[in-house]
Amino acid sequence: MNFFRLVLVSAALVSGSAGAFARSGPAYKGAIVVDAASGRVLFEDNADAVSPPASMTKLMTFAVLDDRIRAGALSLQTRVTIVPADTRAVPSIIGLKPKETFPIVELVYAMMIHSANDAALAVARETGGSVPSFVEMMNEKARALGMRHTIFRSPNGLPPPSRRIANGDLTTPRDFAILCRYLILHTDILTYTSVKNRLFGVNLRFPPTPMANHDRLLGRVEGVDGLKTGFTDGAGFCMAATAKRGGRRVIAVIMDSPGQTIRDVEATELLDRGFAARSVSIPTSSPSAPTRPEAPGGAGDSIIKFEVPR
């Protein structure tokens, strides 16, 4: 990116509008914009392209945890004692140490603000009894919501030991919009994702650990209060973003962007496009046929739907 274009990108972020970001084409693998209340698709471009979600995976971790809390199996104040296996997740860790003890709510804040991979492991183990069992619960939830082209293999989005993309978490922008809409309408996810800065472990460790939200749109782009960013080498830069303006809420999902600033500008522009939209947009390119975990179906649907699991 040349200096002049970098200035345009920076100006777009500061002003809260990405309209000044001139480019020859979309800087992402796939994207979708959805009206949160109705589920109507306001814009889509390659929305069925399969790609790793990276740390956006933690949104499904939260969804499964929320189910268990609502069922009475756990509470936000359930104390979790850290074991050595919880600490084996790098990078993006909150530095959990064996025998430390935290309430689940503290670990949730660490997942959503600091994108703490070790906190996600601790939550998964406590919730599911083991991490593999929890991952099975994640996939059951995905199926129940109608995320037909999604498979989870971790609670935190880290790449598999093989580093092969096909062996890790996989989803599509359309599927992930289903999850985001469910979370917004049926959980208190925004309580956590809207927090810009927080101390982790107050009165539980000394000194407590400062956390700064990885979502740079918070406080910069009108109405943004979530949801989650993600990055790995295989996934590129991803974001599930939501904003509320004038009583209306829009969700945008962007996957596999080549850079953090480019992703942020593109996500901002997608949100702006969503609030300006009054009807379903025609995709600017043909959707890619999903290859995992099953054959494509329903591409081009104008409504994002989900089943509320019982």
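This is a predicted model: local features need pLDDT of at least 70, side-chain atom pairs count only at pLDDT 80 or more; totals for chains, interfaces and linings use all residues.
Asp256 belongs to strand β9, which covers residues 248-257. What makes this residue worth a look is its backbone: Asp256 is not a glycine, yet its phi is positive, at about 60°. For background, most residues other than glycine have a negative phi, and most peptide bonds are trans.

Where does Ser92 sit? Its place is in the loop that runs between β3 (79-81) and β4 (101-103). Ser92 also counts as partly exposed, because its relative accessibility is 31%. A further positive phi, near 55°, turns up at Ser115, which follows helix α3.

The bond joining Phe206 and Pro207 is cis, with an omega of about -5°. Pro207 lies in a loop, between β5 (197-200) and β6 (209-212). The bond from Gly226 to Leu227 is cis as well, and its omega is near 15°. Leu227 is part of a strand, namely β7 (residues 224-232).

Stepping back for the overall layout, the protein contains 8 helices and 9 strands. It has 310 residues, and 54% of them are buried. Contacts can also be sorted by how far apart the partners are along the chain. Of the contacts with a separation of 6 or more, 69% are between residues 24 or more positions apart.

Next come the charged side chains. Side chains of opposite charge can pair when their charged atoms come close. In this model there are 12 salt bridges. One of them is between Arg174 and Glu44, with 2.7 Å from N to O. This pair ties together distant parts of the chain: Arg174 is in helix α6 (residues 173-186) and Glu44 is in strand β2 (residues 41-45), 130 residues apart.

Asp48 has a relative accessible area of 3%, so it is buried. Through shared partners, the salt bridges join Glu44, Asp48 and Arg174 into one network. Another salt bridge is the one between Asp264 and Arg263, whose closest N and O atoms are 3.1 Å apart. Both Asp264 and Arg263 are buried.

How many of the residues of α3 (residues 104-113) are buried? The count is 10 of 10. Among them are Ile104, Val105, Leu107, Val108 and Ile113. The buried residues of α3 also include Glu106, Tyr109 and Ala110.

The axes of α2 and α3 come within 10 Å and cross at roughly 160°. An angle over 145 degrees counts as roughly antiparallel, and α2 and α3 are therefore roughly antiparallel to each other. Their crossing is left-handed. On the α2 side, the contact is made by Lys58, Leu59, Thr61, Phe62 and Leu65, while α3 brings Ile104, Val108, Met111 and Met112. What kinds of residues meet in the contact of α2 with α3? They divide into 7 nonpolar, 1 polar and 1 charged.

An α-helix has 3.6 residues a turn, so residues three or four places apart point the same way. That idea is handy when looking at Ile104, Val108 and Met112, which are among the α3 residues in the contact with α2.

Terms used
Residues are numbered from 1 along each chain as its sequence is written. Side-chain values use heavy atoms; hydrogens and water are left out. A salt bridge is a side-chain nitrogen of Lys or Arg within 4 Å of a carboxyl oxygen of Asp or Glu. Helices (H or I, at least four residues) and strands (E, at least two) are DSSP runs, numbered from the N terminus. Buried means under 20% relative accessible area, exposed over 50%, partly exposed in between (1.4 Å probe, protein chains only). Axes are lines fitted to C-alpha atoms, for helices over the stretch in contact, and angles run from 0 to 180 degrees between N-to-C directions. Angles under 35 degrees count as roughly parallel, over 145 as roughly antiparallel, 65 to 115 as roughly perpendicular and the rest as oblique. A crossing is left-handed if the near helix is turned anticlockwise from the far one by less than a right angle, and right-handed if clockwise. Contact means heavy atoms within 4.5 Å. Ala, Val, Leu, Ile, Met, Phe, Trp, Tyr, Cys and Pro count as nonpolar, Asp, Glu, Lys and Arg as charged, and the others, Gly among them, as polar.
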